[in-house]
Amino acid sequence: MPKEWSASQTAEELVQTGIRPSAPRVAVLRSLKSRTDHPTAEMLYCDLKDDNPSLSLATVYNTVKVLLAKELIQEVPGGGETLRFDGDISVHGHFFCDECQSVSDIFYDRDTPIPPPPEGYRVRGVRIQYHGLCPKCGKSGC
Ligand SMILES: [Zn+2]
Ligand SMILES: [Zn+2]
């Protein structure tokens, strides 16, 4: 579980990465570091706009682009059309719920056996993705 990130800690991390710690950047990065629900840009905007009245959805999109380019956050691929973002940049997999579209982390040992690549292919990275039903959606309705 990520710890609660303070605004000053977040600003410090931005400065260290060479990014000017503008208010939207601090707000977006701090939110992503503090949550595990892999929000979309729209979800970030909805959650942050009350505390940041000058924030626009376009600013959120631009901000995640900057944070992605500096590898402070990562994209979660495989969730369909809508991109989801992850403040946890460690290597881990994801479980996509087909019903409620929730995305949960799967942490695994680096020694977990995975299928070998085809002959002659060089692996640069591995992504583990499951999809199915989360515990909430997997419960039968009756
Ligand atoms: Zn679900
Ligand atoms: Zn994740």
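Predicted model: local features only at pLDDT ≥ 70, side-chain atom pairs only at ≥ 80, totals over all residues.
Modeller: Residues are numbered from 1 along each chain as its sequence is written, and chains are lettered from A and ligands numbered from 1 in the order in which they are written.

Biologist: What makes arginine 122 count as exposed?

Modeller: A residue is exposed if 12 or fewer other C-beta atoms, placed from the backbone, lie within 10 Å of its own, buried if there are 20 or more, and partly exposed in between. Arginine 122 has 5 C-beta neighbours inside 10 Å, and it therefore counts as exposed. Arginine 122 sits in the loop between β4 and β5, and 32 Å separate its C-alpha atom from that of leucine 32, 90 residues apart along the chain.

Biologist: Where does leucine 32 belong, and is it buried or exposed?

Modeller: Leu32 is one of the buried residues of α2, as are Val26 and Leu29. In total, nine of the 12 residues of α2 are buried, so that the helix is mostly covered. These buried residues pack against α1 (7-17), α3 (41-48), α4 (57-69) and β2 (84-86).

Biologist: How do you know what span to expect of helix α2?

Modeller: The expected span is 1.5 Å times one less than the number of residues in the helix. Helix α2 (residues 23-34) has 12 residues and reaches 16 Å from its first C-alpha to its last, close to the 16 Å expected.

Biologist: Why do β4 and β5 stand at the edges of their sheet?

Modeller: The open sheet has three strands in the order β4-β3-β5, with mixed pairing. β4 (103-106) and β5 (129-132) each have a single partner strand, so one side of each is left without a neighbour in the sheet. Neighbouring strands here are turned by 25° against each other on average, direction ignored.

Biologist: What makes β3 and β4 a pair?

Modeller: Two strands pair if DSSP finds at least two bridges between them. Strand β3 (residues 93-97) and β4 have four bridges, in the antiparallel sense, and phenylalanine 95 has serine 104 in β4 as its bridge partner.

Biologist: How is the protein chain divided into domains?

Modeller: The bounds come from an automatic or database domain assignment, which gives domain 1 (7-84) and domain 2 (88-138). Their centres, taken over C-alpha atoms, are separated by 23 Å. The contact (C-beta atoms, placed from the backbone, within 7 Å) takes 11 residues from domain 1 and eight residues from domain 2.

How values were computed. Helix = DSSP H or I, 4+ residues; strand = E, 2+ residues; numbered from the N terminus. Contact = placed C-beta atoms within 7 Å. Axes fitted to C-alpha atoms, helices over the stretch in contact; angles between N-to-C directions.
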